[in-house]
Amino acid sequence: MLHLAVLHSRKLCVYSVSGILGNVEHGNQYQMKLIYEHNLQRTACNMTYGPFGGVKGRDLICIQSIDGMLMVFEQESYAFGRFLPSFLLPGPLAYSSRTDSFITVSSCRQVESYKYQVLAFATDADKRQETDQQKLGSGKRLVVDWTLNIGEQALDICIVSFNQSASSVFVLGERNFFCLKDNGQIRFMKKLDWSPSCFLPYCSVSEGTINTLIGNHNSILHIYQDVTLKWATQLPHIPVAVRVGCLHDLKGVIVTLSDDGHLQCSYLGTDPSLFQAPNVESRELNYDELDVEMKELQKIIKDVNKSQGVWPVTEREDDLSVSVVVSPNFDSVSQATDVEVGTDLVPSVTVKVTLQNRVVLQKVKLSVCVQPPLELTCDQFTFEFMTPDLTRTASFSAYLKRSYTPSELEGKAVVSYSRPTGIPRVIQCKFRLPLKLICLPCQPSKTASHKVTIDTNKSPVSLLGLFPGFASQSDDDQVNVMGFHFLGGSQVTLLASKTSQRYRIQSEQFEDLWLITSELILRLQEYFEKQGVKDFACSFSGSMPLQEYFELIDRHFELRMNGEKLKELLSERAVQFRAIQRRLLTRFKDKTPAPLQHLDTLLDGTYKQVIALADAVEENQGSLFQSFTRLKSATHLVILLIGLWQKLSADQIAILEAAFLPLQEDTQELGWEETVDAAISHLLKTCLSKSSKEQALNLNSQLSIPKDTSQLKKHITLLCDRLAKGGRLCLSTDAAAPQTMIMPGGCTTIPESDLEERSVEQDPTEQFTNHRHLTADTSRPEVSPLQGVSE
């Protein structure tokens, strides 16, 4: 007979349902009568039923408790209880009558199957507390039949078998939907883009397929045929259970239960409509009038596209205006805190960001960022503009925190907000911190290891006018020499030639040349713009300092490799530390503990090694970040010199910057060397390619840390060589043709099979790193090289 089993947290009740034919308008009546009940000793989680062990004509009930015990009940009597091995939290439970086994998902995120016969003959749960000697004869160990690792927790398990399809085990995970065979092999799986809440497989009309209803937390019900989405419908609630039934001869009614206990009966099908719309009166078309109307509409569309373009024109007046003002003077009381600079007093300068709104805006967020080691006293602000035309000001101070030179003095103020219509907007405003924030005037040095000479087409300008505040009273008569002392420790000397139109920058540190060189060019441009001179241009004709640049690359790469070795050692010591802990824990738990055999000494020594390695990793990360900042400064300088050397346009310099500066900082997964090598290889393969064979080369699609930097240095050298021979940087595919490269007059062909073994005899004064080339270019037009240098 058919009965109803209800599982409570501490009780199992079985009811019989009987119906009485109604003689009045209220209809039939149904009654539930309690047949028997079981009081449970353990808190129940879920249950399943079926003909366990192949019994015929009746069903047995299996209840899973919270602590992982399977309790089997045979009608009014309790049969046995078994504990699941390696149990932590209960998962869904289902019974397969085809294989006579229980299927569940453990806390190890594995689908596990246990045979009923193995459960029945395993060790009794009541004897679990006995000693090990008694356990050996009390039964067999509970062994799993098969397991499948699905990598996530499961919400529900359902076992179905229809006439036209094979028996399947369906498992609904947190992000995936699995269909398994009886032996645990995956038949198919479907990755879900949303969080599911319930599911139900049911019979499909197609041969060999199964339909599945899956509800999710977005209140949407999806219908899949195997892995193909066939239908999706919106529900008024989040379904926690779903079934398909037949109500009043209406088949296919979907019954869903909400999380607050409401039932809803839904129906996907639609009944045919008997109403037929009457035929409209047919009238003859006047094609002449249609042609005239079509031409007028096309003219209107054409005029709109001409005046506004494809996209609608936004409002000319912004909802919010942002301006940044950097104070020309230092703060009277320095705001620098926790600085690591060697000098006694580190100055700070005040930056004010002003916001003015035109409409009402809420939760306007202002974020300010500068390049390390520069630091801000506050970098996050939130404003509320409850009425139009309000002005808000955010003030903060910037200072140098650590004892090395930043790669840029430029900062960004980014404002994010949402318009009243809900459209998100972002406004960005750049500002530049003063040079005197990071360096002080000092006595110029006559000797230096690294020198860069910049040529101009105008007469030299007094350095006192270009750099006010960096010349002391004693240097008023010697304005062609000026010294800069960075707070990080290094010195830079700037010399202006009295006879020629040249400026020389020299320093003991190659990367420190960048900021002074950049600042010199920017101030020269501003000076000549104020004088009304429009044809001012700078150039560079010396040898490209690639050898110094390569030394910084090797230093950075060496720190990266050292960091990888330290992390491997730390991982090994951590594994050793945990192994010793386990051994000690086993000794301490033993009733008759054995001697420690110096395990405590070994544990203490390993702990000290782990701490020392962790400190070494942290120190190496700091050195690596500092080295990467210096590498960025040197990269900026090399790009600037290449642009001045080859008179590159702003677009070409932007391509170089994108290739050489793709990362803001190194990460564990991606580093500077492999990223730049891939970018430069792409340029050499496309716009700077010499033949069709180079274009056919396939680049390595997987970026991984290289063994050394020789390949990267070879590609950088080859890039400069191709540019020296007239190569053109561009992103268009037309320029990738093999014969589009323009050779400047006077350049001879250089064999590029092996850059290190070139023997082309030319003027030794025009030396280019480790090979020679000609820099004379009489065929190229004059292009302003500084469009991409100034911001």
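A residue is buried when its relative accessible area is under 20%, exposed when over 50%, and partly exposed in between (1.4 Å probe, protein chains only). The model is predicted: local features need pLDDT of at least 70, side-chain atom pairs count only at pLDDT 80 or more, and totals for chains, interfaces and linings use all residues. Residues are numbered from 1 along each chain as its sequence is written, and side-chain values use heavy atoms, without hydrogens and water.

**View 1. The whole protein.** The protein has 11 helices and 38 strands. Helices (H or I, at least four residues) and strands (E, at least two) are DSSP runs, numbered from the N terminus. Of the 791 residues, 40% are buried. The protein exposes about 45600 Å², and carbon and sulfur atoms supply 51% of this area. Areas come from the Shrake-Rupley method with a 1.4 Å probe. Among contacts between residues at least 6 apart in sequence, 59% join residues at least 24 apart. Contact means heavy atoms within 4.5 Å.

**View 2. V370 in its loop.** V370 sits in the loop between β25 (361-369) and β26 (374-376). Is V370 buried or exposed? V370 is buried, because its relative accessible area is 16%. Leaving out residues up to four places away in sequence, V370 touches E375, L376, G411, F431 and L433. E408 is 38 residues from V370 in sequence, yet the two are 8.3 Å apart in space, C-alpha to C-alpha.

**View 3. Helix α6 against helix α11.** Helix α6 (residues 546-589) packs with helix α11 (residues 710-724) at an angle of about 150°, their axes 11 Å apart. α6 is therefore roughly antiparallel to α11. Roughly antiparallel means an angle over 145 degrees. Axes are lines fitted to C-alpha atoms, for helices over the stretch in contact, and angles run from 0 to 180 degrees between N-to-C directions. From α6, L546, Y549, F550, I553 and D554 make the contact; from α11, L712, K713, I716, T717 and C720 do. By class, these residues are 7 nonpolar, 1 polar and 2 charged. Ala, Val, Leu, Ile, Met, Phe, Trp, Tyr, Cys and Pro count as nonpolar, Asp, Glu, Lys and Arg as charged, and the others, Gly among them, as polar.

**View 4. Helix α7 against helix α8.** The axes of helix α7 (residues 599-646) and helix α8 (residues 650-660) come within 10 Å and cross at roughly 155°. α7 and α8 are therefore roughly antiparallel to each other. T635, I639, I642 and G643 of α7 meet I653, L656, E657 and F660 of α8. This contact of α7 with α8 holds 5 nonpolar, 2 polar and 1 charged residues.

Key:
Parallel < 35°, antiparallel > 145°, perpendicular 65-115°, else oblique.
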